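Here are my notes for you on this structure. Keep the 3D view open as you read, and look up each residue when its name comes up.

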Amino acid sequence: MAMDPKTKTLAQTVGVVVLMGGLAWASVPFYDWFCRVTGFGGVTDVAEAGSDVILDQTIKIRFDASKERGMPWEFKPLQREMDIRIGETGLAFYEAYNPTDRPVAGSASYNVAPYEAGGFFTKIDCFCFEQQILQPGERVEMPVTFYVDPEIVDDRDAKYVHRITLGYTFHEIDLPEEQATRATGKDKTVN
């Protein structure tokens, strides 16, 4: 049984729309996976412990901080840069301050530049792994522990990298329900 041309065209159009919708839905998780596997886009690696190999070659790590528009915190690195041996575990601190009269929750996104170095910059522990909540007037120092994977010296593109910039951008997020309830004073028990 042959399909009439209008029905066939409609079926093809619906098929294309469904296919494009499926591709759009899958593109974000696929891109995230791709960036984590390849280090593309400055996405870093994560490890449980430091490197077993430490080279005599050093690399300069630069620290950068920014905030999303409207984020009320003050946020900055406590040191602008450091020289570290490739494979050596480094420790750096960022400072955040909440100058407001209300609790503010934040989440940090990060990036590594140049992009070729992203897959070789390995975080062991980082404040960016969890949301941060600062009370009114609270100031905190937030650590990041990291190393540069010694395999960077053998990579076709990354071996020419002599400076890596680790940047964080803080975004305001909704307070967890328990914190928000306390902040608004609606923490009353009803019997």
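The points below go from the whole chain to single residues.

1. **What you are looking at.** Please keep in mind that this is a predicted model. The chain is built from two helices and 10 strands.

2. The chain has 191 residues, and 34% of them count as buried.

3. Which residues make the nonpolar surface patch of about 290 Å²? They are Leu-10, Val-14 and Val-18. Val-18 belongs to helix α1, which covers residues 5-38. With a relative accessible area of 57%, Val-18 is exposed, because the cut-off for that word is over 50%.

4. **Strand β9 and its partners.** Strand β9 spans residues 139-148, and it is mostly covered, with seven of its 10 residues buried. Strand β5 (residues 90-97) pairs with β9 in the antiparallel sense over eight bridges. Within β9, Met-142 stands opposite Tyr-94. Strand β7 (residues 121-126) also runs antiparallel to β9, and five bridges join the two.

5. Is Thr-145 buried or exposed? Its relative accessible area is 19%, so Thr-145 counts as buried, the limit being under 20%. Thr-145 is the bridge partner of Asp-125. Leaving aside residues up to four places away in sequence, Thr-145 touches several others, including Thr-89, Gly-90, Leu-91 and Ile-124.

6. **The disulfide.** A disulfide is a covalent bond between the sulfur atoms of two cysteines. The count here comes to one, and it joins Cys-126 to Cys-128, with an S to S distance of 2.5 Å. The torsion about this S-S bond is about 130 degrees, so the disulfide is right-handed. Both cysteines are covered: Cys-126 is buried at 6% relative accessibility, and Cys-128 is buried at 11%.

7. The structure holds eight salt bridges. In one of them, the side chains of Arg-163 and Glu-81 meet at 3.9 Å, N to O. Arg-163 lies in strand β10 (residues 163-173) and Glu-81 in strand β4 (residues 81-85), so the pair ties together parts that are 82 residues apart in sequence. Arg-163 is partly exposed at 43%, and Glu-81 is partly exposed at 40%.

8. **Further salt bridges.** How far apart are the closest N and O atoms of Arg-102 and Glu-172? They are 3.0 Å apart, in a salt bridge. This pair links distant parts of the chain, since Arg-102 sits in the loop between β5 and β6 (104-113) and Glu-172 in strand β10, 70 residues apart. Arg-102 is partly exposed at 36% relative accessibility, and Glu-172 is partly exposed at 31%. Salt bridges that share partners also join Lys-60, Glu-81, Asp-83 and Arg-163 into one network. Arg-85 forms a salt bridge too, with Glu-88, and their closest N and O atoms are 3.8 Å apart.

Notes: Residues are numbered from 1 along each chain as its sequence is written. This is a predicted model: local features need pLDDT of at least 70, side-chain atom pairs count only at pLDDT 80 or more; totals for chains, interfaces and linings use all residues. Side-chain values use heavy atoms; hydrogens and water are left out. Patches are made of residues with over 30% relative accessible area and no salt bridge: like charges are joined within 9 Å, nonpolar side chains (Val, Leu, Ile, Met, Phe, Trp, Tyr) within 5 Å. Accessible areas come from the Shrake-Rupley method with a 1.4 Å probe; for residues, only the protein chains shown count as cover. A salt bridge is a side-chain nitrogen of Lys or Arg within 4 Å of a carboxyl oxygen of Asp or Glu. Helices (H or I, at least four residues) and strands (E, at least two) are DSSP runs, numbered from the N terminus. Buried means under 20% relative accessible area, exposed over 50%, partly exposed in between (1.4 Å probe, protein chains only). A disulfide is a pair of cysteine sulfur atoms within 2.5 Å. Contact means heavy atoms within 4.5 Å. Two strands pair if DSSP finds at least two bridges between them.
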